[in-house]
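Biologist: Hey, I'm new to this one. Can you walk me through it?
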Amino acid sequence: MIYYILVFGATILFALQFLFNQRFEQSRGSDLKSALEFTFYKSIIIVVMMLLISGFKIIVTPFSVALATVYAIACILMTYFSLKAFAIANLSVYSVFSMLGGMLLPFLLGVGFYDEKLTPFKIGCCILIVVSVLLNIKGGNGNKKAILYYMAVFMLNGSVGVISKIHQSSGIAHTDSTGFMFLSSMASIIISAVWLLIKYKKIPIVKGKALAFAGGYGIFNGFGNWFLLISLVNLPASVQYPLVTGGVMVFSTIISALRKEKLTKTDYIAAGISFVASVLMAF
């Protein structure tokens with residue numbers, strides 16, 4: 001039961017983290033430089049959090065370092081395309097693509113490579129996912145660039161879940177959930193810092209509200225992913241990620257409605273279909 005509570009907590013944190021990401025984009029822009037700045041500062045917050053949680057005792061293995069680096073690259077690219085998407089899309093449409101990618105790819109990995117049971121309910125879920133995505137393409141921003149950003153977010157968020165599943169289920173010596181979050185965040189700091197220094201010759205100082213937005217995202221995202229890594233050791237990926245997806249999409253749509261974003265009936269229908277699909281995934 002505790003692992004389902006962790007997953008539920010993660011869904012709330014993930015639904016709220018988008019607000020910080022969106023506000024940072026409004027404050028600093030949506031280009032590559034902003035994405036790297038955002039990654040650099042939010043990763044520092046996560047590193048500090050994981051050090052405090054672990055009591056400054058981090059296990060390091062070559063396998064975990066390698067996967068953490070790939071994880072960090074996917075997260076940096078995810079941040080970049082998220083900022084680009086926020087410039088031309090609303091929170092609800094973005095979250096649909098992000099969360100469906102985060103659900104479908106780990107689900108396929110679990111069923112295909114980890115012997116997780118494939119049921120008629122899960123097949124029906126896949127069909128509903130396709131319907132939901134098509135509804136959002138039709139009902140959301142028709143800009144070709146928007147669709148490109150959505151699909152990039154779909155694949156990258158899915159790859160984060162895939163890497164997490166591989167790491168947590170591996171028989172190769174690896175670190176614990178706290179250690180993996182620490183290593184991946186350290187890799188993000190190093191990669192974004194080097195990239196900034198090479199391309200822009202310095203690491204910009206982010207202050208005020210922009211720093212608060214990056215820090216807020218780091219706290220919500222850090223705890224959310226930490227919760228998922230812990231529960232992933234005990235829950236199948238084909239159960240955990242659908243539960244996260246359904247919860248986040250419902251909460252995100254509610255948040256968008258409360259913020260009076262321009263949502264169409266199609267957005268609400270798509271979110272409802274995705275929620276039903278997520279529930280089916282759990283059977």
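This is a predicted model: local features need pLDDT of at least 70, side-chain atom pairs count only at pLDDT 80 or more; totals for chains, interfaces and linings use all residues.

Biologist: OK, on to helix H2. What span should its 23 residues have?

Modeller: H2 covers residues 32–54, so at 1.5 Å a residue it should span 33 Å. Its end C-alpha atoms are 32 Å apart, which agrees. Just after H2 comes Gly55, with a positive phi of about 70 degrees.

Biologist: Switching topic: how big is the largest pocket, by volume?

Modeller: About 180 Å³. It's lined by 13 residues, and the closest to its centre are Phe8, Thr11, Leu243, Gly246 and Gly247.

Biologist: Which elements give two or more residues to that lining?

Modeller: Helices H1 (2–28), H9 (237–258) and H10 (265–281). H9 has the largest share, with 6 residues.

Biologist: What's the lining like by class?

Modeller: 9 nonpolar, 4 polar and no charged residues.

Biologist: Back to Thr11. Is it buried or exposed?

Modeller: Thr11 sits in H1, and it counts as buried because its relative accessibility is 2%, with the cut-off for buried being under 20%.

Biologist: What does its side chain reach?

Modeller: The Thr11 side chain reaches the backbone oxygen of Phe8, at 2.5 Å. Leaving aside neighbours within four places in sequence, Thr11 is in contact with Leu243, Val244, Gly247, Val248 and Phe251.

Terms used
Residues are numbered from 1 along each chain as its sequence is written. Side-chain values use heavy atoms; hydrogens and water are left out. On a 1 Å grid over the protein atoms alone, a cavity is a set of points where a 1.4 Å probe fits but cannot get out, and a pocket is an open set with protein on both sides within 12 Å along at least five of seven lines; lining residues have an atom within 4 Å of a point. Grid points are joined across faces, edges and corners, and a volume is the space filled by probe spheres set on the points. Helices (H or I, at least four residues) and strands (E, at least two) are DSSP runs, numbered from the N terminus. Ala, Val, Leu, Ile, Met, Phe, Trp, Tyr, Cys and Pro count as nonpolar, Asp, Glu, Lys and Arg as charged, and the others, Gly among them, as polar. The expected span of a helix is 1.5 Å times one less than its number of residues. Buried means under 20% relative accessible area, exposed over 50%, partly exposed in between (1.4 Å probe, protein chains only). A polar contact is a pair of N or O atoms within 3.5 Å; within protein, one must be able to donate a hydrogen and the other to accept it, and residues adjacent in sequence count only if both atoms are side-chain atoms. Contact means heavy atoms within 4.5 Å.
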